[in-house]
Amino acid sequence: MSLATIERAPLSPVLPVLPAPARRLHAVPSGTEARGFALYVGVDQAKALEAGTDLGQVVEQLKQLLAQLVPGSETYAAVALAPAGAGGRDVDIVRLALQDPAALAKHRQVEEPAPKPRGGVVIDISRKRVLLDGSTAALTYKEFELLQYLVLREGRTIDRAEIISALWAAGDDEIPNERTIDVHVRRLRSKLGEFEDIVRTVRGLGYRFDRHADVSIRQASTPSPDFF
């Protein structure tokens, strides 16, 4: 939405001045004074043409009426433009285009979706998967094994040497060193997203699983085979 200036159109007969009851301005803060007003008019060119006039003539007649009511008053008019077919009430489009604070605040409330509630993390040991806010995390088999090993020893700090001996057999082609375990943990955390802090680093010792209120663990009735 944007603004356009009004070109002067041929004048139509001036609207008659009707006596109006005197009104007082309300909600004018102490120490301030009213210097003018904005009148938002919601009417498009098609409606004006149907009524036998156009927007330029409407503006000019309103200006003349104001000059009769308050000689010496100054006026400025602008037309609110919107993409064709945008829809919405004309007066709302005008208020938005002219940056009316109340209209802008209401528009932002409509446009900004409510923040998605944090659904939590589910560590499903029986099915070998992790759900983050209802979506399956793309963990590799070894990443899930690492997380599962920590989960089943909840509250205990596991050093890197124990993780290597538990998750990699002596005959494996690539047995990591302790620094490589840090890389595995870093990749695991990146896939846990905003829940990465369930795998906590204990400086100088190793890693520990920290359960939160939004973390749940599912497992079969019999213990996992790696828990002994």
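Which residue stands opposite Ser135 in S5? I looked it up, and Leu132 does.

**Entry 1: ground rules.** I'm working with a predicted model, where local features need pLDDT of at least 70, side-chain atom pairs count only at pLDDT 80 or more, and totals for chains, interfaces and linings use all residues. Residues are numbered from 1 along each chain as its sequence is written, and side-chain values use heavy atoms, leaving out hydrogens and water.

**Entry 2: confidence.** I checked pLDDT, the predictor's confidence in each residue, from 0 to 100. The protein chain has a mean of 76, with 69% of its residues at 70 or more. Strand S1 (residues 2–5) has the lowest confidence, a mean of 58, while H5 has the highest, at 90.

Entry 3: Helices (H or I, at least four residues) and strands (E, at least two) are DSSP runs, numbered from the N terminus. I found an open sheet of four strands in the order S5-S4-S3-S8, with mixed pairing. Strand S5 (135–136) and strand S8 (215–218) are at the edges with a single partner strand each, so one side of each has no neighbour in the sheet. Two strands pair if DSSP finds at least two bridges between them; S4 and S5 are joined by two bridges and run antiparallel.

**Entry 4: helix H7.** I traced H7 over residues 178–192, which is 15 residues. From first C-alpha to last, H7 reaches 22 Å, close to the 21 Å expected at 1.5 Å a residue (the expected span is 1.5 Å times one less than the number of residues). Next I sorted its residues into buried (under 20% relative accessible area), exposed (over 50%) and partly exposed (in between), using a 1.4 Å probe and protein chains only. Ile181, His184, Val185, Leu188, Arg189 and Leu192 are buried in H7. Those buried residues fall within an arc of 135° seen down the axis, so they line one face of H7; the arc is that of the directions from the helix axis to the C-beta atoms. Exposed Arg179, Arg186 and Ser190 sit on the face turned away from the buried side. After H7 comes Gly193, with a positive phi near 60°.

**Entry 5: Arg189.** Why does Arg189 count as buried? Its relative accessibility is 18%. Leaving aside neighbours within four places in sequence, I found Arg189 in contact (heavy atoms within 4.5 Å) with Glu196, Val199, Arg200, Thr201 and Tyr207. I also noted that Arg189 and Leu147 are 42 residues apart in sequence but 9.6 Å apart in space, C-alpha to C-alpha.
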